[in-house]
Amino acid sequence: MAAEVSFMVDTPRGSRAVSVTYRRQGTGEPLLLLHGIGHHLQAWDPVFELLAAERDVIAIDLPGFGTSPGLPDGVSYGLSTVVPVLAALCEALEIDRPHVAGNSLGGLLALELGREKLVRSVTALSPAGFWTPSERQYAFTVLRTMRQVARALPLPVIERMSRTAAGRTALTSTIYARPGRRSPAAVVAETLALRRAPGFEQTLAAGREVLFADDVPGVPVTVAWGSKDRLLLRRQGVRAKHTVPGARLVRLPGCGHVPMNDDPALVTRVILDGSRPVDGVSGTQHP
């Protein structure tokens with residue numbers, strides 16, 4: 001069952017309220033899950049309960065996505081703004097330096113949280129920010145096209161398409177290597193989430209200037225990339241490894257850009273391995 005938490009953040013216009021929808025379950029060390037642009041917390045459904053067997057799992061709708069309201073007027077969707085919002089969210093939920101796993105945009109945010117030493121460990125699944133200008137332009141064009149299609153299709157058409165494997169493939173094959181595995185209800189919900197996301201355009205605009213070029217020292221980092229990622233090509237994972245030399249680079253065979261649906265067992269294992277208990281002071285990972 002999803003819940004909502006509200007908290008105050010500092011903005012150029014003074015302290016403003018932000019609300020975030022989240023789902024929380026499990027016991028153990030806290031693990032924050034961050035989805036990609038245009039998606040919602042349900043992207044983690046295939047692995048959520050598997051992770052909750054060993055972690056206190058908190059999946060959120062990022063501000064301006066899913067059912068979380070957009071950021072206050074005048075507040076940007078750039079890293080320098082969203083990361084402090086996530087830090088304030090953790091404080092509101094009484095989470096002390098969680099482990100974090102993120103996909104795409106969420107992976108980029110997870111790495112930035114790690115760079116700011118706000119988390120215990122980072123698992124980034126096909127993170128944004130390791131692209132060349134042409135690769136970024138390609139990804140943004142694909143994302144805008146997906147959004148245009150989602151906004152153009154009437155709801156009855158989306159529902160009808162979602163009932164067949166071919167229709168689910170047409171709607172989601174850009175992000176899933178195995179779209180037939182996604183349930184009809186999930187495909188309808190995520191298509192509507194993409195269509196309605198008030199933070200989509202501003203997040204995409206902020207991403208034009210993003211290039212993750214800094215190491216993440218002192219925090220265990222795992223970078224995992226699907227072998228069939230059609231949005232952010234897997235060679236970007238090699239660049240991520242060069243940028244963060246201490247990172248563990250993992251290949252996800254047969255997985256697309258959003259790998260949680262394509263191979264839940266593998267993704268669960270990668271996240272759990274990457275979020276083994278760490279020393280809260282030194283950040284050293286226990287064997």
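Guide: The largest cavity is lined by 25 residues, and Ile-37, Leu-105, Leu-108, Thr-203 and Gly-207 are those nearest its centre. On a 1 Å grid over the protein atoms alone, a cavity is a set of points where a 1.4 Å probe fits but cannot get out, and lining residues have an atom within 4 Å of a point. This is a predicted model, in which local features need pLDDT of at least 70 and side-chain atom pairs count only at pLDDT 80 or more, while totals for chains, interfaces and linings use all residues. Residues are numbered from 1 along each chain as its sequence is written, and side-chain values use heavy atoms, with hydrogens and water left out.

The space in the largest cavity comes to about 290 Å³; a volume is the space filled by probe spheres set on the grid points, which are joined across faces, edges and corners. The count of cavities of 30 Å³ or more is one.

At least two lining residues of the largest cavity come from each of α2 (79-92), α3 (105-115), α4 and α8 (200-207), and α8 gives the most, with four residues. Helices here are DSSP runs (H or I, at least four residues), as strands are (E, at least two), numbered from the N terminus.

By residue type, this lining divides into 21 nonpolar, four polar and no charged residues. Ala, Val, Leu, Ile, Met, Phe, Trp, Tyr, Cys and Pro count as nonpolar, Asp, Glu, Lys and Arg as charged, and the others, Gly among them, as polar.

A pocket is an open set of points with protein on both sides within 12 Å along at least five of seven lines. The largest pocket has a volume of about 330 Å³ and is lined by 23 residues, with Met-146, Leu-171, Thr-172, Ile-175 and Leu-194 nearest its centre. Two or more of its lining residues come from each of α4 (133-152), α6 (165-172) and α7 (184-196); the largest share, five residues, comes from α4. The lining of the largest pocket has eleven nonpolar residues, eleven polar and one charged.

Finally, a word on confidence. The chain averages a pLDDT (the predictor's confidence in each residue, from 0 to 100) of 95, and 96% of the residues score at least 70. Over residues 280-287, however, the pLDDT is below 50. Where pLDDT is low, the predicted coordinates should not be read in detail.

Definitions and conventions: Contact = heavy atoms within 4.5 Å.
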